[in-house]
Amino acid sequence: MANIDSSSRDGFTSKFGVIAAAAGSAIGLGNIWKFPYEVGNNGGGAFLLIYLFFIVAIGIPVMLSELMIGRKAQKNVFGAFKLLAPHKAWRLVGVMGVFAAFLILSFYAVVAGWTLEYVYLAVTNGLANKTPEEINNIFDVFMSGKLIPVLWTLLFMLLTALVVLGGIKNGIEKYTKVLMPLLLVIIIVLDIKALTLEGAGEGLAFLFNPDFAKITPQVILSALGQAFFSLSIGMGVIATYGSYIPKSQRLGNTAISVSFADTLIALLAGIAIFPAVFAFGMEPAQDEGLVFRVLPNIFNQMAGGSLFQVLFFLLLCIAALTSSISLLEVIVAYMSEELKIKRRTATWATTGFISGLGVLCVLFSSVFGAFVFISSNVLLPLGGLFIVIFVGYVLKQAEVKQELEAHGGRFNLFKVFIFIVRYIAPIAIGVVFLKGIGVIDLIL
Ligand code: PHE
């Protein structure tokens with residue numbers, strides 16, 4: 001790729017390549033596992049509405065800010081702040097991002113491990129012809145075994161490391177281009193089946209009829225955290241990918257397409273899950289096992305369901321893999337480009353360490369829960385807050401405009417973007433965060 005720096009960082013082969021990779025990072029367990037679970041626990045429709053508002057009003061501008069920082073600096077997050085920021089303290093944002101990557105990958109690998117187990121179960125017909133109670137039990141028995149979840153976690157981390165070491169960029173591009181649309185098709189098939197189940201209407205009402213009485217500061221913070229988590233923003237993944245985007249490409253379009261695709265997949269996952277939850281007489285507010293307890297029941301009622309089930313969980317694993325490699329890549333890029341540690345060494349050391357944390361997540365559900373909460377609801381929103389402040393106040397507006405328009409023509413929404421980045425996003429993130437964790441109540 002001609003206009004990308006020619007150091008050891010490998011670029012993407014086409015314009016679509018980076019969009020595919022960024023979408024690959026964004027689309028993953030966050031959409032299909034975490035989103036329904038958050039909706040279920042935070043009251044349904046009202047959460048969804050706030051979530052969608054945050055995606056548009058905060059998520060897309062933060063994603064654009066990150067893409068811009070990365071492309072301008074042509075570096076990993078830490079290096080980008082080192083290069084662009086006048087004061088050393090800004091590098092802490094990069095450090096925070098690397099730290100967030102550690103936490104996220106630790107529990108992410110565990111859930112990806114559950115997905116591997118479900119591929120195995122689906123292939124060996126372990127889920128077919130089972131009643132909803134039996135399906136529910138299968139998850140509990142699997143989780144209480146501990147050893148098997150640990151082994152799957154380790155296997156998933158190994159796969160992640162191997163892909164990262166194998167020169168990832170072109171790989172992701174090829175896979176996402178074909179397999180993500182296929183995942184989309186299977187989810188749509190699931191939707192159609194779920195919507196025809198008896199009692200589906202109740203699920204749709206839960207998902208789409210907002211009950212505003214359910215909104216609390218914690219619900220709002222969870223919606224913000226979920227928006228950040230699902231879009232992979234606030235910790236540097238998107239900045240790192242932004243550094244590979246050719247100057248001729250319009251970043252605004254990239255941010256919008258990726259966010260659109262990500263939100264579509266989450267919504268479609270919700271449309272499959274909630275009708276089924278009600279149809280099978282289950283509760284929407286459940287533990288992290290929600291999708292694993294619900295989805296097999298839909299496949300079991302479907303013609304050709306076994307095959308779809310295998311494909312679905314397999315594609316979900318691959319979607320998780322294209323996200324986990326983006327997380328590992330942030331850490332490895334930081335260690336190799338900034339700390340000058342060899343990529344191989346950095347990759348294996350990080351993989352080993354995260355595998356250890358992953359085992360802790362399997363053994364102690366409190367560690368798992370804390371990692372999920374701290375990363376999505378604390379570190380990502382804070383990272384996003386610093387990123388918008390940086391773009392809104394530290395960088396010169398003319399520079400920002402130039403980078404956003406670089407060779408790609410006008411960016412019509414520039415004024416709106418700057419307004420959001422300077423005023424709306426910092427205030428909204430600040431208030432939601434402080435209120436959500438209870439700081440504002442302590443002060444006032
Ligand atoms: N967005 C990914 C998902 O939805 C998870 C992720 C979060 C990946 C943050 C990278 C950074 O599954």
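Phenylalanine 212 sits in the loop that joins helix H9 (200-208) to helix H10 (217-231); helices here are DSSP runs of H or I with at least four residues, numbered from the N terminus. Setting aside neighbours within four places in sequence, phenylalanine 212 is in contact with Ala46 and Leu49, where contact means heavy atoms within 4.5 Å. Glycine 43 is 169 residues away from phenylalanine 212 in sequence, yet their C-alpha atoms are 9.0 Å apart in space.

A word on the basis of all this: the model is predicted, so local features need pLDDT of at least 70 and side-chain atom pairs count only at pLDDT 80 or more, while totals for chains, interfaces and linings use all residues. Residues are numbered from 1 along each chain as its sequence is written, and side-chain values use heavy atoms, with hydrogens and water left out.

Now to the ligand. Which residues come nearest to the ligand? Of the 16 residues around the ligand, they are Ala26, Gly30, Tyr108, Phe229 and Ser232; a residue belongs to this group if one of its heavy atoms lies within 4 Å. The table lists polar contacts, meaning pairs of N or O atoms within 3.5 Å.

| Residue | Protein atom | Ligand atom | Distance |
|---|---|---|---|
| Serine 25 | polar backbone atom | nitrogen | 3.3 Å |
| Alanine 26 | backbone N or O | oxygen | 2.8 Å |
| Tyrosine 108 | side-chain N or O | oxygen | 2.4 Å |

On its own the ligand has 320 Å² of accessible area, and the protein covers 100% of that; areas come from the Shrake-Rupley method with a 1.4 Å probe.

Let us turn to helix packing. Helix H3 (residues 45-73) and helix H4 (residues 77-84) pack at about 70°, with axes 9 Å apart. Axes are lines fitted to C-alpha atoms over the stretch in contact, and angles run from 0 to 180 degrees between N-to-C directions. H3 and H4 are therefore roughly perpendicular to each other, a label for 65 to 115 degrees. Ile69, Lys72 and Ala73 of H3 meet Ala80, Phe81, Leu83 and Leu84 of H4. By class, this contact has six nonpolar residues, no polar ones and one charged.

Helix H15 (residues 343-363) and helix H16 (residues 365-394) cross at roughly 115°, and their axes come within 5 Å. Leu357, Leu360, Cys361 and Leu363 of H15 touch Ser365, Val367, Phe368 and Phe371 of H16. Here the residues divide into seven nonpolar, one polar and no charged. In this scheme Ala, Val, Leu, Ile, Met, Phe, Trp, Tyr, Cys and Pro are nonpolar, Asp, Glu, Lys and Arg are charged, and the others, Gly among them, are polar.

How values were computed
Helices (H or I, at least four residues) and strands (E, at least two) are DSSP runs, numbered from the N terminus. Angles under 35 degrees count as roughly parallel, over 145 as roughly antiparallel, 65 to 115 as roughly perpendicular and the rest as oblique. A polar contact is a pair of N or O atoms within 3.5 Å; within protein, one must be able to donate a hydrogen and the other to accept it, and residues adjacent in sequence count only if both atoms are side-chain atoms.
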